[in-house]
Amino acid sequence: MDKSIEQIWKNGFLNEDLLIPKVKSLYNQKSISMVENIINKFKKQIFLLIPLGILVFIFNIILDNENAIFWGSISAIPCFGLFLLGKKQLKELKKIDYKSNSYDYLVSIKEHINQIRSFNKKLILTCVPLGLLPMLIYTYFNQQGKTIGEIFGVDGLNYPTISIFLLIPILTLIAVLIFDFLSKNKTFDITSLIKEMEELSPKP
């Protein structure tokens, strides 16, 4: 599709009336298709929070704490909270009107995605530690005196019980890195297309 746009643009100087509607149509199609693809990926990522919440719950059962069901439920709440928030953000993204041209539409989508990304990153930095903390505090007091290897049933991990709290910065860092990777993929194509459209726009 890129070659078609470039070819039409080059030939457009010979027939300006032919250039504008065809280039606009091609960019409209590409813009809508790209945004639909981003929204579908965003939707999949949101629904991944459900199995993630279940895994957090199961992880607490594996720790073999007393009242594991209660503490597992408490720890899984942030995942389900983020799921509901994600659905709301997705709905807001879909509400963005297609404007008079594809360029303005893409800029609006990109700005909204950047706002969502900034907000969600701060949320992850807060929710991951808060989600882990009650589970790890309870595990620390319930399994006090055991090594990490004994708690998780892994030979060779002869670290004291207190070291279980190292999971907070480690898992938070992993969550942020995964989030950054997925978020950059969301806006990379849009940024490239916006730049391409700016380069092809007639200079004053």
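This is a predicted model: local features need pLDDT of at least 70, side-chain atom pairs count only at pLDDT 80 or more; totals for chains, interfaces and linings use all residues.

Author: Contact means heavy atoms within 4.5 Å. Take the contacts in the protein chain between residues at least 6 apart in sequence: 71% of them join residues at least 24 apart.

Residues are numbered from 1 along each chain as its sequence is written, and side-chain values use heavy atoms, with hydrogens and water left out.

The protein chain has 7 helices and 0 strands. Helices are DSSP runs of H or I with at least four residues, strands are runs of E with at least two, and both are numbered from the N terminus. The pattern along the sequence reads α-α-α-α-α-α-α. The chain has 204 residues, and 36% of them count as buried. Buried means under 20% relative accessible area, exposed means over 50%, and partly exposed lies in between (1.4 Å probe, protein chains only). The accessible surface of the chain comes to about 12700 Å² (Shrake-Rupley method, 1.4 Å probe). Carbon and sulfur atoms own 65% of that surface.

Now the pocket. The largest pocket holds about 1100 Å³ of space. A pocket here is an open set of points on a 1 Å grid over the protein atoms alone, where a 1.4 Å probe fits, with protein on both sides within 12 Å along at least five of seven lines. Its volume is the space filled by probe spheres set on the points, which are joined across faces, edges and corners. Lining residues have an atom within 4 Å of a point.

By class, the lining has 28 nonpolar, 7 polar and 2 charged residues. Ala, Val, Leu, Ile, Met, Phe, Trp, Tyr, Cys and Pro count as nonpolar; Asp, Glu, Lys and Arg as charged; the others, Gly among them, as polar.

Five helices matter for this lining: α2, α3 (49-62), α4, α5 (102-142) and α7 (167-200) each supply at least two residues. The top contributor is α5, with 11 residues.

Next, those helices themselves. Begin with α4, where G72 lies. G72 is buried, because its relative accessibility is 0%. Beyond its neighbours within four places in sequence, G72 is in contact with F57 and N60. The C-alpha atoms of G72 and M135 are 7.0 Å apart, across 63 residues of chain. F70 also lies in α4. At 48% relative accessibility, F70 is partly exposed. Its C-alpha is 9.4 Å from that of N60, 10 residues apart in sequence.

Turn to α7. L171 lies in this helix. L171 is partly exposed, at 32% relative accessible area. Leaving out residues up to four places away in sequence, L171 touches V128 and L132. The C-alpha atoms of L171 and V128 are separated by 7.6 Å, 43 residues apart along the chain.

D104 sits in α5 and is partly exposed at 31% relative accessibility. D104 and I194 are 90 residues apart in sequence, yet 9.2 Å apart in space, C-alpha to C-alpha.

Last, the rings. The structure holds 3 aromatic pairs. Rings of Phe, Tyr and Trp (its six-membered ring) pair if their centres lie within 6.5 Å; planes under 30 degrees apart are stacked, over 60 edge-to-face, and the rest tilted. F47 and F83 pair edge-to-face, at 5.4 Å centre to centre and 70° between the planes. This pair links distant parts of the chain: F47 is in α2 (residues 16-47), F83 in α4 (residues 68-95), and 36 residues separate them. F47 is partly exposed at 43% relative accessible area, whereas F83 is buried at 11%. Y140 and F141 have ring centres 5.1 Å apart and planes at 75°, so they too are edge-to-face. Y140 is buried at 18%, but F141 is exposed at 57%. Ring pairs link Y140, F141 and F165 into a cluster.
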